[in-house]
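Reader: Before we start, I would like each label you use to be set against its definition. Please go through the model in that way.

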Amino acid sequence: MASDLQYMSGFGNEFSSEDSRCPNALPEGQNNPQKCAYGLYAEQLSGSAFTAPRTQNVRSWLYRIRPSAQHKPFEKIDRGQMTDDWNSVHPNPNQLRWLPFDIPSKKEKKQDFVEGLSTVCGAGDPMSRHGAAIYIYTCNSPMGNRCFYNADGDYLIVPQQGDLLITTEFGRMLVEPNEICVIQSGMRFNVSVSGESRGYMLEVFDGHFQLPDLGPIGANGLANPRDFLTPVAWFEEKDVKGYQVIGKFQGHLFSALQDHSPFDVVAWHGNYVPYKYNLKNFMVINTVSFDHADPSIFTVLTCQSLKPGTAIADFVIFPPRWGVADKTFRPPYYHRNCMSEFMGLILGKYEAKESGFLPGGCTLHSMMTPHGPDAECFEKASNDELKPVRVAEGTQAFMFESSLSFRVTEWGNKTKVDEDYYTCWQPLKKHFKLDTAATKTDGQ
Ligand SMILES: [Fe+2]
């Protein structure tokens, strides 16, 4: 199905692409000729203010069979378990863990990607464009003659089970578990699945994702720009009665009908594009002496706030790697954080929890809520021989870390919550002995 899909490599490039069925569809030397080749319409999609500084200025020009303005009026539709109403529920500062979310079987209930979106937690307001929200998606059916776009912000999608064939106005991408993709505001897309599928989605209202600065790391490392892939132009000339365009606007869903497929972009150029990234390409950096680097060392993408160095949301992963730290307690340390930490597991078993945190489930450790290794992990890691070992082999955990204080939704508070989560820290023993306080602990 998707083995013939082609991509262009790079992050933040000025790309240009034409469907091979229409050579020379892109105008040369200008964006908006009096008449476009093949009788196409020219349309700009802006991803930043016209006057944004050059380093942040993003837009693309689309050359399409019909302009996207050609649709009937939008009407409000049910938004299901999606919400941005954070105030109707009580705050919950507890350590929270969710068991893997159930995916309905097709027999039980046909559900596509948009119907299967449930908001777990979030903060802020899409109207003033400040905030973020985290969703779980579960689905079993393709979207068919429906597309979706988000006027409120950008989506970062993390599939955990099932491949997503995502058709966008810019072309088609196959996104498999252990890959992620970003669909930015305004881009119309359709998600096709072949079986029961599940994953996580982060929405940011403030701005776009960028690669983190590397500081003293240098010019290479972490997620390298060349490993990000953007689809090549692809179009379908398809007249359909009642093609449904679903838009998320100010937190609500709206539907408009049109009589053609929106995926009729024959050629495009620009630097405002959808893209995907395979997490196996992440170059991991960590200590080769002692102690831990902070988890920011695992940042794949970041959406920055106006506060220097402070993210609306970072997307962070914990990939397979070597653990070689001497005289060090190697699992993540106990901590309380001034950021919110939402974690999910794509595959395998997470290093700091021996059980209970499962693929398709998640955890939320809110601002200043203490957390760290469970009792079993602590005892084991405190006594392990410190030889070089592979860590997190066959696993992929990730974190959405945010400077916002998230409110858990009503759905999040009542669905698949593991009420026993707190018990993983209860067996932690008191090891304190006053008479051994002077013992040297640095192993020297
Ligand atoms: Fe943490």
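Author: In the hairpin of β17 and β18, 2 residues lie between the strands, and Q250 takes a positive phi near 50°. This is a predicted model, in which local features need pLDDT of at least 70, side-chain atom pairs count only at pLDDT 80 or more, and totals for chains, interfaces and linings use all residues. Residues are numbered from 1 along each chain as its sequence is written.

Reader: Why are β17 and β18 called paired strands?

Author: A strand is a DSSP run of E with at least two residues, numbered from the N terminus, and two strands pair if DSSP finds at least two bridges between them. Strand β17 (residues 239-249) is joined to β18 by 8 bridges, so the pair meets that definition, and the two run antiparallel. Within this pair, I246 stands opposite S255 in β18.

Reader: What makes β5 and β18 a pair?

Author: Strand β5 (residues 75-77) and strand β18 (residues 252-260) share 3 bridges in the antiparallel sense, and therefore they also count as paired. Here K76 stands opposite F254 in β18.

Reader: How do you know that domain 1 and domain 2 touch?

Author: The bounds, which come from an automatic or database domain assignment, are 72-263 + 273-279 for domain 1 and 282-418 for domain 2. Residues are in contact if their C-beta atoms, placed from the backbone, lie within 7 Å, and the contact takes 48 residues from domain 1 and 50 residues from domain 2. On the side of domain 1 that touches domain 2, β7 gives the most, with 7 residues.

Definitions and conventions
Helix = DSSP H or I, 4+ residues; strand = E, 2+ residues; numbered from the N terminus. Contact = placed C-beta atoms within 7 Å.
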